[in-house]
Amino acid sequence: MDRVRVLVVDDEADFLKLIKRRLEKRNVEVSVAPGGREALDHLAGQPTDVVILDVRMPGMSGIDTLKEIRKRYRETEVIMLTGHGSVQSGIEGISHGAYDYMLKPFNIDDLLERIRAACERARLKKAERERA
Amino acid sequence: MTDTSYTRLRLSLMLLTLGLSLVPLFALGFVIDSEFRESYGDKLTSNLKLVAHNKADALDVFLTERVVQLEMVAGMNTLDSLSNQQALELVFDTVHEASPSIIDLGVIGQNGRHVAYSGPFDLRDVNYKDEPWFHQAMLKGLYISDVFMGFRNFPHFIIAVKRREGGRTWILRATIDSDIFTGLVRNVQSGASGDAYLVNREGVLQTPSRFGGKVLGQASLPAYRPSGDVDVVRWTEDGTELVAGIAPLAHTDWRLVVIENQQEELSPLLRAQSLIFGLFLICALMIAAGAYLSVGSVVKRLQKADKARAAMDAAVVQSNKMASLGKLAAGVAHEINNPLSIIRESAGWIRDIINDGELGESTAVDDLQEATSDIERHVERARTVTHRMLGFARRMEPLQEDVDLNMLARQTVSFLENEIRHRNIEVECRFDQDLPLITTDANQIQQVILNLLENAIDAIGHDGCIEVETRPGDGAVVMDIADSGEGISPENVSKVFDPFFTTKPTGEGTGLGLSIVYSTLKKLGGGIDVRSERGVGTTFTITLPLVHVSIPGRQEESWTE
Ligand SMILES: Nc1ncnc2c1ncn2[C@@H]1O[C@H](COP(=O)(O)OP(=O)(O)O)[C@@H](O)[C@H]1O
């Protein structure tokens, strides 16, 4: 199996640094972006399997970024991250096509599990489309 | 609004309504009354005038008849023939027959001496030469005297006509019976206190007055200015209002006075007036009662609406308070969750390094391992706190959590344990042990159960029992809360879920409890039913779906903590 390519988008630099190191240690290929715009720039040049996206960010919000990603890259799955655990933001993320949802702080192994599941779904979707 | 301001409102509405209806009513009454009184008074006056006028005419006719009679007798006979006593007596008999009021006849020569006389008195040889009436008669040809006592010493009056025969002048004189004349005048008087009499120019009574005195006495008439036609004079005598119609006679300067008692004549009017007054009073009372009732109900309705609005305002204020508190809590939690996750990842990173074995084996590494665990444990602690805060923030919206309805019900009953014991109420729980978990908002369900239990306790008061039963339903769970309370009357059963419907005294019931229960259950995809029998008890049955998906999508798999 190829290495999973993940993009983590969050406005906290420390958080990005740590999550990158820890996921890489778990054999995940990790890129980071400090905001929605940078994330979209990155996606334009690099094929990515899963985007991990913070809901609340200055500038372009997580939900807006999610909408953009869904529009442009059908095969990329998105997992939303938030420190604000309201049902509303969760439902909003999912209703705009996010694959799943995690509350901060989280357990890295839970995250990894979800990334795997998201990849699996992306792969299934791809296979289905190729068959069609 | 305070109670006094409602009272003031009620009062001013009452006054306004009463003013607007009673003032026109009384104005109308006043106008009707005064118009009626005036026209009735006019009618009485004109009636009085007519009576006086007609009677005066009749008296004039009477006098004219006597005068004509005398003139005929004088014209058809000579002085010589009438000087004969026997002839005169013959003539008198005829005249008396025709007019019984003529009680004697006398022939008087120009020297004033009685030439002949026929009548009941002995008046022959009386000389009238010095009597004023004799001179008047000689001067004017006709003379009607005032009533006087004369030689005969009883009230009478005379009519004298002059006759010129060749070079001689003589006078035929007749005495008129006052009694007959008095009778003629008397029959005019009306009522119990009416009066009628004749007076001469000086106000001396020519016929007796019923109350005012004997003949030749002074009549008690007030001064007035004669107009030549019938005059109407009003005055008050001994507290009675009198009105007189005074008509002049054509042949003499006598005047016929017809007096009526104003009050007596007006008594039909007064009767009508009191009838009208009674009617108006009834109208006024009806209006007042109507105003009182309608104002009362309007104000009561207003009061109720105000109270409802106040309750609603209070609820809105409360929920706004909760909402802003929730927002604050959510904001704080979010700000803390971000650094918490960095701390956690840092600790995680240290653990990753240790686990890689890059640091080798030493007690220092073990210490590091332990410190990392401490960090992770305390981050977990802080996380619990922030998530609880978020949970509080979310209480405004339905949560989705696995709920054991049995446990929830048991817990809710325990909240009310003191109250239940205090009122000597027995609570029996019959829980289905295999009841499936449901995905719903525990907090809100707890509110529902609490509300129903409180209502049941209120309905029982003291000494009774409440049964709480759970059982599985079709894709749902069902809970019965039955009480042995007073029950709900059939006409109220359909209303108990209406907002603001309450049978409890003001201040105790808001009537919002069941309507909130109803809307909460609807929101959670469930429902509620009620069965009740008066005097036996009431059972509320709530149904909750196993899973309630309010928004289509796959939220159920993502929402874990
Ligand atoms: N268990 C019960 N037994 C008898 N009557 C009840 C019961 N529960 C509710 N009711 C009737 O329904 C009315 C409305 O109840 P609710 O909406 O809870 O408002 P509140 O309790 O403030 O009056 C009550 O006033 C009462 O008349």
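**Salt bridges in the predicted model**

The structure is a predicted model, in which local features need pLDDT of at least 70 and side-chain atom pairs count only at pLDDT 80 or more, whereas totals for chains, interfaces and linings use all residues. Residues are numbered from 1 along each chain as its sequence is written, chains are lettered from A and ligands numbered from 1 in the order in which they are written, and side-chain values use heavy atoms, with hydrogens and water left out.

B:Arg351 forms a salt bridge with B:Glu376, the closest N and O atoms being 2.9 Å apart (a salt bridge being a side-chain nitrogen of Lys or Arg within 4 Å of a carboxyl oxygen of Asp or Glu). Because B:Glu376 lies in helix α7 of chain B and B:Arg351 in helix α6 of chain B, the pair ties together parts that are 25 residues apart in sequence (helices being DSSP runs of H or I, at least four residues, numbered from the N terminus). B:Glu376 is partly exposed, at 23% relative accessible area.

A salt bridge also joins B:Arg344 to B:Glu380, with 3.4 Å between the closest N and O atoms. This pair links distant parts of the chain, with B:Arg344 in helix α6 (residues 262–356) and B:Glu380 in helix α7 (residues 363–393) of chain B, 36 residues apart. B:Arg344 is buried at 14% relative accessible area, while B:Glu380 is partly exposed at 30%.

A:Arg22, A:Arg26, A:Asp109, B:Glu345 and B:Asp352 are linked in a network of salt bridges. Over all chains, the structure holds 33 salt bridges.

How values were computed
Helices (H or I, at least four residues) and strands (E, at least two) are DSSP runs, numbered from the N terminus. Buried means under 20% relative accessible area, exposed over 50%, partly exposed in between (1.4 Å probe, protein chains only).
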